[in-house]
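Please keep the sequence and the coordinates at hand while reading.

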Amino acid sequence: MPFGLSISRNPRLQLLKDVVLFKDLSMHELGMVDSLLHERRYLANEVIFDEGEEGQGLFVVLSGRVKIARPGDSRGSLIEFDPGSFFGEVALLDQSVRTAQARAIEDTHIVALFRAEFYSLLQTHSAIASRISFQLARVLAARLRQAVINSDEQHKAA
Amino acid sequence: MNRALASGPLVWLGIILTTCLLLVLFQSMLWLVMPVLLAIVLYYIMSPWVNLAMSKGISRARAVFIVTMLLCIFLMAVGLIVEPKIAAASHDWRDKLKQYSDVGTSLVTKARQTFLHFFSFRHPSAPKLSTASPTSGSVGFVANEASLAPPSDSLENDVSNLPAKYSGDIAMELAHWIPSLLLVPYITYFFLLDGPRFKRFLVQAIPNAFFEKTLYLFYRVEDQIRRYFQGLLALTALDAISLGLGLWFVGLNAPFLLATIAAVMAWLPYLGSIAGGLLVVLVAAHDAPNNPWLPYEVVALFILVRLLDDFVFMPMTVGRSLRMHPLIAVLMILLGGAVAGVSGLLLVMPVLGVVMVTGQIIGELVADERIMARYWHARELRRQRARADL
């Protein structure tokens, strides 16, 4: 195989298996998803994407840590992501701009799932794509619920 | 971002210059460019079938193998059907060519006579106007055949000499292209099998700062190529159906085969359309010698289909697919022909489509000061890391 490793030899699959987004997939299905992912390595303090940029897909943290922040915001970081978590997921669903900046806190290894390739997965392997979409919807719902709770707490505190 | 730079005159100048340079380069390696181009067309025809097979749970490698095998079987079946006819025709192809050139000569003579019959005018060397002939249907002037003999003879001689002049060249050219064309299924197979992996391989080389924009660029370029070839195939189908229906209506033999050949020839802007039209007219004149009006009906039909093509089908298919201003498209076709001849005419639109998207995105990247700053920041981080503990 000139441009990659075979599924059985690919150590990335075990890391992907631990990602909540892909937890319902078999190793064979995971291999198909893996063939769509783009691997990137960022140094500590390197910007992954900026606020206001047009997002093209979601990023999954395989190792290292990433913080999401708004430049100039006094709170520092809004949220931090550890290995197995993912961010930038809204760009997978539409062509909206990034609402905050993502920056590697330490040396970070991530994989990106591009929107166009996710759409092609929906066409060719709709069962796999629908399981990923379902997990994505669950995570988004949990994040929305958490945001509402946080907002309520802030109102009460105020 | 500096919007003026992102898609301003400098970027467009770069796009036009790059397109011209690529056309000149491609002209010198046409033996490779043509099979790759045909392989891309086949790739876009076959990739929905590969996707369909993959959606049934078959692996990509197997799906590509099955679809390529089916294509080879289809091509072999077509070859087995067509081969005896070609073999039979090849025995007397020189005679056939002679027959068609005789038909062409006769058609030119008849066309000249008909033209003179309705719109006669005097040659400078012609005698003075005579009184209207009782047999002549024309009003005012009378044709003088003798006066026009020298130029018409020369034209007719040119037409009748065409087979002798070019038959050897055509045979050599066809023999020269066969090895290149045999590469087409091979290249298509690997496009289908390794296309996504090759794309990831290329993306790996892109610096992090440009990563998302580059992914978008790949998507846009691929989308542009796909749209162009799908548009071209749709245009060919519409041309073939409308011309085929017309030829069937006027009573020509094998109307849809002829229409398909003419529609495929029209892939070459201007020249291809004219050559396709001439082919159909020659066949009409050859097959129906007793119907002198048939070639003119075919010419009228061809003009009608060309008008439909230019004003209805083309904007609906290829024009929409490239999202290009019609004036730019026409000017670039002329420029392509000027810098790289026939191959330039053929390749200019897909090359321009790809260079246009690439140029616009690179213009956006270079003009985006924030992305450039991120790129230099990441380089500095890597440099610091490399210098640590020195």
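**From overall architecture to local packing**

Read along its sequence, chain B follows the pattern α-α-α-α-α-α-α-α-α-α-α-α-α. Its secondary structure thus comes to 13 helices and 0 strands, where helices (H or I, at least four residues) and strands (E, at least two) are DSSP runs numbered from the N terminus. The model is a predicted one, in which local features need pLDDT of at least 70 and side-chain atom pairs count only at pLDDT 80 or more, while totals for chains, interfaces and linings use all residues. Residues are numbered from 1 along each chain as its sequence is written, and chains are lettered from A and ligands numbered from 1 in the order in which they are written.

Confidence deserves attention before any detail is read. The predictor gives the complex an ipTM of 0.82 and a pTM of 0.68. For chain B the mean pLDDT (the predictor's confidence in each residue, from 0 to 100) is 77, and 78% of the residues of chain B reach 70 or more. Within chain B, helix α13 (residues 369-387) has the highest confidence, at a mean of 91, and helix α1 (residues 3-6) the lowest, at 50. Over residues 125-150 of chain B, pLDDT stays under 50, and the model has 24 contacts beyond four places in sequence for this stretch; a contact here requires C-beta atoms, placed from the backbone, to lie within 7 Å. Where pLDDT is low, the predicted coordinates should not be read in detail.

Chain B has 390 residues, of which 25% are buried. A residue is termed buried if 20 or more other C-beta atoms lie within 10 Å of its own, exposed if 12 or fewer, and partly exposed in between, with C-beta atoms placed from the backbone. Among the contacts of chain B with a separation of 6 or more, 69% are made by residues 24 or more positions apart. B:V36 counts as partly exposed because it has 17 C-beta neighbours inside 10 Å. B:V36 and B:P185 are 149 residues apart in sequence, yet their C-alpha atoms are 9.8 Å apart in space.

Chain A contains 5 helices and 8 strands. From the N terminus on, the elements of chain A run α-α-β-β-β-β-β-β-α-β-β-α-α. Of the 158 residues of chain A, 32% count as buried, and residues 24 or more positions apart account for 73% of the chain A contacts with a separation of 6 or more.

How are the strands of chain A arranged in the open sheet of 4 strands? Their order is β1-β8-β3-β6, and the pairing is antiparallel, two strands being paired if DSSP finds at least two bridges between them. In chain A, β1 (38-42) and β6 (86-87) stand at the edges with a single partner strand each, so one side of each is left without a neighbour in the sheet. Strand β3 (residues 57-63) of chain A is joined to strand β8 (residues 108-114) of chain A by 6 bridges, and A:V60 stands opposite A:V111 in β8(A).

The covered face of β4(A) carries A:V66 and A:I68, whereas A:K67 and A:A69 are on the uncovered one.

Helix α4 (residues 115-124) of chain A lies across β3 and β8 of chain A and runs at about 55° to β8(A). The axes of α4(A) and helix α5 (residues 126-157) of chain A come within 5 Å and cross at roughly 125°; axes are lines fitted to C-alpha atoms, for helices over the stretch in contact, with angles from 0 to 180 degrees between N-to-C directions. That makes α4(A) oblique to α5(A), since angles under 35 degrees count as roughly parallel, over 145 as roughly antiparallel, 65 to 115 as roughly perpendicular and the rest as oblique. A:F118, A:L121 and A:L122 in α4(A) meet A:S126, A:I128 and A:A129 in α5(A).

Finally, the two chains meet where 20 residues of chain A are in contact with 22 residues of chain B. On the side of chain A that touches chain B, the elements giving two or more residues are β1, β2 (47-49) and α4 of chain A.
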